[in-house]
Amino acid sequence: MGGKNIFNKIIFFFITKIIIGIAAIAGAVLLIESALRPLLEKINISDELINGIVGISEALAAVLIYIFLFSFYEKRKITELSPSTFGGNANLGFFTGFLLQSLFIFVIFIAGDYTIVRVNAFSEMIPSLIMALTAGFVAEIIIIGIVFRLIEKQFGTGISITIMIIIFIIAHSGVKDGNIISVLSTSINAGFLLPAAFVFSRSLWLPIFMHFAWDFTEPGIYGAINPSISITKSLFESKISGPRLITGGPLGPQNSIQALIICLVLGFIFLRLAKKKNNIIPLNTSVRV
């Protein structure tokens, strides 16, 4: 009996849940890439269609694994991925991600130089759309749905957000061409703003679609650099110049001073609204998300 109790404590320990959750989703993505993609490549279809099928499959796999795994672990309905909250949160998330990147570019246009060299067909946005879709779903289900949510449940909202910021600072402190602004900007964007959006909505659809629109808009629409999305096609072929402080330099507008400030302010707005909705989890609470 004692051995069984110890086993259960280990299996249901929050760090164990995090490890198993990440491994399950990362394993599914790896399997799709290694099995489905080669299979599709044998069929006479375009690379864009292959990428689309693979991307949608990975996003769907992440959602289904998360729902199945934590339904088992937590014996509850997975409300943070509820279909009933999809429309409003997805629309708000996409609009917010698009607006943020547009604001970053607008500051460059005012204080530096953003020039549209050529306008391409809408079809040129498809590669970035597909890559951003996969990144938004897989990354935020892992980062927010698994890592942040379980840490928050254990330690409360304030401490968990602090931990997330520290994790991103450490993870990006050695990035090539990085500087203090890029490290802080990334840490605030991913470690503060997106968790704050989740706390506000208690829905993963909001941070998922914010990330999706963010990664799509920056390279796919405005033709700017996004260090996590490597594409050569965009709606606007652009030329960006000016001080690195506002352009983000080789790491793109998302690593600029305006990105740092705007995302910091928006994150605090989300938390302020979350407090009014009683969505903030204090330390040592028994509230289950």
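**Charges over rings**

I started with Lys-75, which sits over the face of Phe-72, 4.6 Å from the ring centre. This is a predicted model, so I kept in mind that side-chain atom pairs count only at pLDDT 80 or more. I then found a second case: Lys-277 lies over the face of Phe-200, at 4.4 Å from the ring centre.

**Aromatic pairs**

I looked up the ring pairs next. The count comes to 20 aromatic pairs. I picked out Tyr-114 and Tyr-222, which form an edge-to-face pair. Their centres are 6.3 Å apart, with 80° between the planes. Where in the chain do Tyr-114 and Tyr-222 sit? Tyr-114 is in strand E1 (residues 113-119). Tyr-222 is in the loop between helix H8 (205-221) and strand E2 (236-241). The two are 108 residues apart, and the pair links distant parts of the chain. I checked burial as well: both Tyr-114 and Tyr-222 are buried.

I also noted a cluster held together by ring pairs. Its members are Phe-86, Phe-94, Phe-137, Trp-205, Phe-209, Phe-212 and Phe-216.

**Helix H2**

I turned to H2, residues 14-41, and tested its length. At 1.5 Å a residue, its 28 residues should span 40 Å. The end C-alpha atoms are 40 Å apart, which agrees. H2 still has a kink of about 30°, centred on Ile-32.

I listed the buried residues of H2. Phe-14, Thr-16, Lys-17, Ile-18 and Gly-21 are among them. An α-helix has 3.6 residues a turn, so residues three or four places apart point the same way.

Is Leu-40 buried or exposed? Its relative accessibility is 9%, so Leu-40 counts as buried, the limit being under 20%. I took one distance from Leu-40, to Ile-10. The two are 30 residues apart in sequence and 40 Å apart in space, C-alpha to C-alpha.

I took another distance from Arg-37, this time to Asn-51. These are 14 residues apart in sequence and 8.1 Å apart in space, C-alpha to C-alpha. Asn-51 is in helix H3 (residues 47-74). At 32% relative accessibility, Asn-51 counts as partly exposed.

**Helix H5**

H5 bends by about 35° at Glu-140.

How many of the 30 residues of H5 are buried? I found 23, so H5 is largely enclosed by the rest of the structure. Gly-156 follows H5, and its phi is positive, near 95°.

**The largest pocket**

I looked for the largest pocket and found a volume of about 520 Å³. It is lined by 24 residues. Those closest to its centre are His-172, Thr-186, Ala-190, Ser-228 and Gln-254. H7 gives the most, with seven residues.

**His-211**

I checked a histidine in H8, His-211. Its relative accessibility is 15%, so His-211 counts as buried. From His-211 to Gly-174 I read 23 Å, C-alpha to C-alpha. In sequence the two are 37 residues apart.

I noted two residues here. Asp-177 has phi near 70°, a positive value in a residue other than glycine. Asp-177 is placed in the loop between H6 and H7. With a relative accessible area of 41%, Asp-177 is partly exposed.

Asn-278 is not a glycine either, yet its phi is positive, about 60°. Asn-278 lies in the segment after helix H10 (257-276). Is Asn-278 buried or exposed? At 69% relative accessibility, Asn-278 counts as exposed, because the limit for that is over 50%.

Technical notes:
Residues are numbered from 1 along each chain as its sequence is written. Side-chain values use heavy atoms; hydrogens and water are left out. Helices (H or I, at least four residues) and strands (E, at least two) are DSSP runs, numbered from the N terminus. The expected span of a helix is 1.5 Å times one less than its number of residues. The bend at a residue is the angle between axes fitted to the seven residues ending there and the seven starting there. Buried means under 20% relative accessible area, exposed over 50%, partly exposed in between (1.4 Å probe, protein chains only). Rings of Phe, Tyr and Trp (its six-membered ring) pair if their centres lie within 6.5 Å; planes under 30 degrees apart count as stacked, over 60 as edge-to-face and the rest as tilted. A charge sits over a ring if NZ of Lys or CZ of Arg is within 6 Å of the ring centre and within 35 degrees of the ring normal. On a 1 Å grid over the protein atoms alone, a cavity is a set of points where a 1.4 Å probe fits but cannot get out, and a pocket is an open set with protein on both sides within 12 Å along at least five of seven lines; lining residues have an atom within 4 Å of a point. Grid points are joined across faces, edges and corners, and a volume is the space filled by probe spheres set on the points.
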